[in-house]
Amino acid sequence: MLQMVRTGDMNYKQALSNSMSISAGVPVQSSDVLRQSKTSIIVFTSLVCRAAIEGGLSPEEAYSLGDSYIQAAESAKSLDELSPPCNDDVR
């Protein structure tokens, strides 16, 4: 998945969908499922931002996009409000 980001492969939606069936995300020990999901999204977003920068996206653009995903995750009040990035349009 991260290699797809590095190379600009726009078929990431299928890869992300496949990866979500393999793993529930970052194994965070928490009794709060919402907090665990938010943490997983933040870690994933950070990894994707780094891969995008390695692939040539400017750090300013990568961090701006990453921050918008992280802020959206942090403001979610329920699991229903957390949508995978693959459901969003690419900017």
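**Entry 1: Thr45**

I began with a side chain and found a polar atom of Thr45 at 2.7 Å from the backbone oxygen of Ile41. I count a polar contact as a pair of N or O atoms within 3.5 Å; within protein, one must be able to donate a hydrogen and the other to accept it, and residues adjacent in sequence count only if both atoms are side-chain atoms. The model is predicted, so I required pLDDT of at least 70 for local features and 80 or more for side-chain atom pairs, while totals for chains, interfaces and linings use all residues. Residue numbers start from 1 along each chain as its sequence is written, and side-chain values use heavy atoms, with hydrogens and water left out.

I placed Thr45 in helix α3. Helices here are DSSP runs of H or I with at least four residues, strands are runs of E with at least two, and both are numbered from the N terminus. Thr45 counts as buried because its relative accessibility is 6%. The cut-offs are under 20% relative accessible area for buried, over 50% for exposed and in between for partly exposed, with a 1.4 Å probe and protein chains only. Leaving out residues up to four places away in sequence, I listed Gly66, Tyr69 and Ile70 as touching Thr45; contact means heavy atoms within 4.5 Å.

**Entry 2: α3 against α4**

I then looked up the helix pair. Helix α3 covers residues 33–54, helix α4 covers residues 59–75, and their axes lie 9 Å apart at an angle of about 170 degrees. The axes are lines fitted to C-alpha atoms over the stretch in contact, and angles run from 0 to 180 degrees between N-to-C directions. The two helices are therefore roughly antiparallel, a label for angles over 145 degrees.

On the α3 side I noted Ile41, Ile42, Thr45 and Cys49 among the residues in contact, and on the α4 side Tyr63, Gly66, Tyr69 and Ile70 are among them. By class, this contact has ten nonpolar, two polar and three charged residues.

**Entry 3: Gly55**

I found Gly55 in the loop between α3 and α4. Gly55 counts as partly exposed because its relative accessibility is 41%.

**Entry 4: whole chain**

I counted four helices and zero strands, in the order α-α-α-α along the sequence. Of the 91 residues, 20% are buried. Among contacts with a separation of 6 or more, 59% join residues 24 or more positions apart.

Methods: Parallel < 35°, antiparallel > 145°, perpendicular 65-115°, else oblique. Nonpolar A, V, L, I, M, F, W, Y, C, P; charged D, E, K, R; others polar.
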